[in-house]
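Subject: Handover of a structure

Dear colleague,

Please find below the structure that I am passing on to you. My notes on what was found in it follow directly after.

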Amino acid sequence: MLDNDVWDAAAQVRTANRWHSAAATWTSALTEAFLDSANLRQSDLVVDVAAGSGDPALSIAERLRSGSVFAMDRSRPSLLLAKQQSDTMGLGSKLRLVQADVHQLPFSNSSVDRITCRFGIMFFADIDTAFTEMLRVLKPRGRVALLAWGRFEQPFFESTVGVVLRMIPGARMPEPASAMFKFSNCGSIEDALSRNRFRNIEERHITLPRIWAGSSVDFWQYFQEISTLFQPLMRAIPVNMRPKVDEAVGIAVARFQKGNTITVPTQVLLATAEC
């Protein structure tokens, strides 16, 4: 797994006031589809693994009436940002913070109704240990919902990172960033869940819209700030090439722009299973 500093930096960007309004709808479609797949019940005890700064744990808490969600992450600074947002939203005890590692979950056997993980499983050091732990703490018929990136060859990445890779001689994908696409092949998460004794497994590859309410210039700036795994690539752009790269990204993104809204089709895979 990557150092906490990488995720802390991204969490700071996500919660920054300057991006709050423009980015409000950026992950909404992905979050809605993801949480719908979790089949949450009002009284559920949920653990959101790799919760970062609280998205989607905050949305989960809003859906629960008498239940609660543990936002679990290895990073204390990220969890503190989640706490600030929770306090602002008035969620009270419905959101609890846990600093822990997915390979050793701090929960009793058969004590959890749902486990969710959005864009985190690709970075687990040992996926089998993580799934074994999830299976251990889930109640009978408990459910896990997982969201991961699809292939790199899709409009979202080809219009941003892909532009840099094509324009800068010798540019390469940073190795940590390559891990994002670890489960992009059909059946890869299903296989991992199956060999760890999960049942009723469903893996779906779907395309959902990511909606940016703002200009293409701000979109590209936000992408560069939040995509910490790609920053070594961004720093490799020569100063004299920077304006040309920015222009090329703007042209690539423009095909998804209508008025002040950019809607980019995004390919992800959604997996659910029961214990």
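This is a predicted model: local features need pLDDT of at least 70, side-chain atom pairs count only at pLDDT 80 or more; totals for chains, interfaces and linings use all residues.

Helix α10 itself spans residues 188-195, and its buried residues are S188, I189, A192 and L193. These residues lie on the same side of α10, because they cover an arc of only 130 degrees around the axis.

N196 sits in the loop between α10 and β6. Is N196 buried or exposed? Its relative accessible area is 9%, and N196 therefore counts as buried, the cut-off being under 20%. Leaving aside neighbours within four places in sequence, N196 is in contact with D128, F131, T132 and L135. R197, which also follows α10, has a positive phi, near 70 degrees.

**The nonpolar core**

In soluble globular proteins, nonpolar side chains tend to be buried together. Here the largest nonpolar core has 91 residues, and the members that touch the most others are I121 and M134. Which residues does M134 contact, leaving aside its neighbours within four places in sequence? They are V49, V102, L105, I115, F124, V144 and F198.

**The second largest pocket**

Rolling a probe the size of a water molecule over the atoms shows where empty space is left. The second largest pocket has a volume of about 150 Å³. Its lining consists of S216, V217, W220, Q221, Q224, R242, D246, V249, G250 and V253. Two helices, α11 (216-226) and α13 (242-254), each supply at least two residues of this lining. By type, the lining residues divide into 4 nonpolar, 4 polar and 2 charged.

**Backbone features**

Most residues other than glycine have a negative phi, and most peptide bonds are trans.

- N39, which is not a glycine, has a positive phi of about 55 degrees. N39 is found in the loop between α3 (28-38) and β1, and with a relative accessible area of 46% N39 is partly exposed.
- A50 is a residue other than glycine with a positive phi, near 55 degrees. A50 belongs to the loop between β1 and α4; its relative accessible area is 33%, which makes A50 partly exposed.
- The peptide bond from D55 to P56 is cis, and its omega is near 20 degrees. P56 is found in the loop between β1 (45-49) and α4 (57-63).

**A pair separated in sequence**

Finally, P176 lies in helix α9 (residues 175-178). How many residues separate P176 from F123 in sequence, and what is their C-alpha to C-alpha distance? The two are 53 residues apart in sequence and 8.7 Å apart in space. P176 has a relative accessibility of 35% and so counts as partly exposed.

With kind regards

Notes:
Residues are numbered from 1 along each chain as its sequence is written. Side-chain values use heavy atoms; hydrogens and water are left out. Buried means under 20% relative accessible area, exposed over 50%, partly exposed in between (1.4 Å probe, protein chains only). Helices (H or I, at least four residues) and strands (E, at least two) are DSSP runs, numbered from the N terminus. The arc is that of the directions from the helix axis to the C-beta atoms. On a 1 Å grid over the protein atoms alone, a cavity is a set of points where a 1.4 Å probe fits but cannot get out, and a pocket is an open set with protein on both sides within 12 Å along at least five of seven lines; lining residues have an atom within 4 Å of a point. Grid points are joined across faces, edges and corners, and a volume is the space filled by probe spheres set on the points. Ala, Val, Leu, Ile, Met, Phe, Trp, Tyr, Cys and Pro count as nonpolar, Asp, Glu, Lys and Arg as charged, and the others, Gly among them, as polar. A nonpolar core is a set of buried Ala, Val, Leu, Ile, Met, Phe, Trp, Tyr and Cys residues joined through side-chain atoms within 4.5 Å. Contact means heavy atoms within 4.5 Å.
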